[in-house]
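Dear colleague,

I am handing over the structure below, and after it you will find what I could read from it about its parts and how they meet.

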There are 2 protein chains.
Amino acid sequence: MNSDYKKLDQIFHPRSIAIIGASNRPGNAAVVFLKAHAVLNFAGPLYAIAPNGDQVPDFPTFKNVNHVPGPVDHAVIAVPAAYLLEVLSDCVRKKVNSVVIFTSGFSESGDPEGMEKERLIRAKARESGIRMIGPNCMGIYYPHNGMSFRPDLPPVEGPGEISYLSQSGGMAFGAVFLGNRFGLKYNKVVSFGNEVDLGGPELLDYFAEDPETKVILAYLEGTRDGRSLGRALIRAGARKPLVVLKGGLTETGVRAAASHTGALGGSRATWESVFRQAGAIQVDTVDELVGAALVLRRLPKFTGRKMVIITISGGLSVNFTDRAGFWGFEVPELAAETCQKLKRSFDIPGTSVKNPIDMAAAFMMFPIYPDVFRALDEDPETDLIFLVISIEFLAYIESFMPGITDNSMNAFLGAIKEVKKPLVVVLPSVIGEELRLRAEQLFVKAGFAVFESVDRAMKVLNLVRRYHQRSKRKE
Amino acid sequence: MNSDYKKLDQIFHPRSIAIIGASNRPGNAAVVFLKAHAVLNFAGPLYAIAPNGDQVPDFPTFKNVNHVPGPVDHAVIAVPAAYLLEVLSDCVRKKVNSVVIFTSGFSESGDPEGMEKERLIRAKARESGIRMIGPNCMGIYYPHNGMSFRPDLPPVEGPGEISYLSQSGGMAFGAVFLGNRFGLKYNKVVSFGNEVDLGGPELLDYFAEDPETKVILAYLEGTRDGRSLGRALIRAGARKPLVVLKGGLTETGVRAAASHTGALGGSRATWESVFRQAGAIQVDTVDELVGAALVLRRLPKFTGRKMVIITISGGLSVNFTDRAGFWGFEVPELAAETCQKLKRSFDIPGTSVKNPIDMAAAFMMFPIYPDVFRALDEDPETDLIFLVISIEFLAYIESFMPGITDNSMNAFLGAIKEVKKPLVVVLPSVIGEELRLRAEQLFVKAGFAVFESVDRAMKVLNLVRRYHQRSKRKE
């Protein structure tokens, strides 16, 4: 591990943290940061710095970071833009190693004054050596070490596995919430905004080296140094699975990005060429970002296109088969032996043992589930299993057989747990959201990749399939 | 109105209905049909026909339809395939005008015996003049007249406005549930399965003429008479907005459709050429089918591509702008005057009054909402408003300001109610599903087109925009 890695790693392991800009005004941002760290049990001292002299309940409070008796390794700064340079000078004097600058109103504003202020902040970083994340950012979420930027961000059991750099705060916590719901375990998430100092290139190199990080996610809007970012993307992609969402691909998207983080966009062709060289998985939405991470972590590697679709409604299965074709998959006939096995399990009117498999009324026959999934798992003609459970089919039965949905879900779970082939579970959102969300969490907790849209699941599966194909070719 | 119309219209207005195949066995399908009609208050007598001599509680029960003392205009048949012909002869003797045949096990099974049985049913229809829907179908949902095929299908206030023919039962009730959730008011839904007699062509002609039907939806897998279906599609499309979902577009999809309803597929190119000639809106999924109907009914006609996007998170708005570009929209700069007006409403750090508009922290300033939406409505540079409310932004604030989400939603609702431009509301599903679903229902009940996915909303908007463009060109 090189020295750059160790220096950045310090930022994620401070002995103590000061949050600057606290006051007793309701909704004060610094207090939100304080609570966010406290909720996740940050182990070291947490200091509130309240320049106006307020006393923040539950936290040792000082007027200036230099009044803190012990060392301060890291600070989060949430003061008005006008006071930022002064506060940075205070931090330098206190020998703070790194700061997150939440304050906004710089290059993203587009006005010359903001640009100039940002230039001064950058100069301060260069001259003092203090490491800066931001400005105009949410900073660090590293639940394993109790660092966070919103009190409602979830704890994660163990060190997690996914690290994520995001130029946008909204894109950062959006993906954290969504990922948490679907069982992704985040290691480190960094919202880095206008990147006056640390940004895309440094974070990519760090995550590429970081042993806790198994998959890297990135939301990028632009950069001031395209060459370094491009090289870092290629280095990171060579070492770990890298999933990239680019904000600002269209002309107006670029304009929007400029007024969001002040980043320079670059052309779509340039970006996409870099992503290709990096072997990155390029996605279009935050749901796909999370979905790709899920498929990478929850499914064994797969390169085959041959999908078996299993549903409890024929009409839906026809449509899903078309969608599979659209997203690059085949839905081939199963081996004759597999059809025989399925027929032994269920052969009643309305069902189909041909791919796509329509269990129809046979979904009520829970004891056959293990045989059905064993047959599909052993089928030599198919590479992956796409299970769609349309919960709305159970809604009415539930009304006179309460518990049927949970029983059916538990039966599915028991059967698919034994499957070795790549498998995803899709629970389309139609009606009965309460039952659906409970089923979703059942499969999520058991470690399956769960989706709520057939199209999204297939799109993401195909992106990851192509990634594994590229990786295999390189081996 | 021609005589064909009147004859088909009789099917939807029977004086009395017999449901044949009832028994006291739990889960008996005929009893489910009986309850479905009873729940929606079918006005005439409902007879249970129990060939095994059982007495069905709550319904006058007979062993044979010919034992019913009064007339029987319509019957739903749910007997095993082996008894079907005999039961049909009973119905002919009773002078039943129309039957829905729920029974399956015919051409969709692929075996010669099933094919032959289906041929005999068809011959019976020809020879007797009795009108048949099915076999292998769910039949009719016409809540305005108390006809239904599942006891949990919702009532609809008034006659409704959307009619839907579906070759698949699952695709029929899937769209009914989903549509009901999003505020679509169905008039008539017919699941018609193997179409031995009445099918695509007849239903399309009927809905085209039917004054209660404002928009026609169709899920088609195939047909035995491509020429009539094609002509009927073109006739229907010339009279009313027509949204089509084709099951079996890919090679395997066609195979799946054949084993589902025994329909002959035809080539994708042929189908798509007919859809084009019909001026139909072709969609890819059931969500899009419902979404297109929503946009057709809830938004004024629009042909412009210029979209204003308004969000409460900058990072998301950059991504949404890219997606708008992908789906054929422009996100242009607003008129200078509009920006001035918006600046008067909110001009605080982190917000952007440029398109895409990022309300950021200004979303807490409820009193400005009406001015903001009035400015967007009056903006001369844009054609439609795309409002994305990311409920996850409110989740934390909700924890210390309970009620903030509802207050914010009510403020949005009050402001957008006055908007005359086409407007959609998107509530992406991330976390806080309970709050999100409550907000969804608030906007749905107020008559707005609501989506839970930005991509789906934009795809559907563009499909409908192009439909209006084609219609305008024809005028």
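In this model, which is predicted, the domain assignment divides chain A into domain 1, covering 3-296, and domain 2, covering 301-474. The centres of these two domains of chain A, taken over C-alpha atoms, are 39 Å apart, and the contact between them draws 13 residues from domain 1 and 13 residues from domain 2. On the side of domain 1 of chain A that touches domain 2, the elements giving two or more residues are β12 (281-283) and α10 (286-298) of chain A, with α10(A) giving the most, 7 residues. By class, that side of domain 1 of chain A is made up of 8 nonpolar, 3 polar and 2 charged residues.

Turning to the two chains, 56 residues of chain B are in contact with 56 residues of chain A. On the side of chain B that touches chain A, at least two residues each are supplied by α5 (169-181), α8 (251-261), α11 (314-326), α14 (392-400) and α16 (433-445) of chain B, and the largest share, 10 residues, comes from α11(B). The residues on this side of chain B divide into 18 nonpolar, 25 polar and 13 charged.

As for how the copies are related, chain B is superposed on chain A by a rotation of 180° with 0.0 Å of shift along its axis, at an RMSD of 0.0 Å, which is the relation of a two-fold axis. The same surface serves both copies, since 100% of the contact residues of chain B recur in chain A.

With best regards

Methods
Residues numbered from 1 in each chain as written. Chains lettered and ligands numbered in written order. Predicted model: local features only at pLDDT ≥ 70, side-chain atom pairs only at ≥ 80, totals over all residues. Contact = placed C-beta atoms within 7 Å. Helix = DSSP H or I, 4+ residues; strand = E, 2+ residues; numbered from the N terminus. Nonpolar A, V, L, I, M, F, W, Y, C, P; charged D, E, K, R; others polar. Least-squares fit on C-alpha atoms with pLDDT ≥ 70 in both. Domains from an automatic or database assignment.
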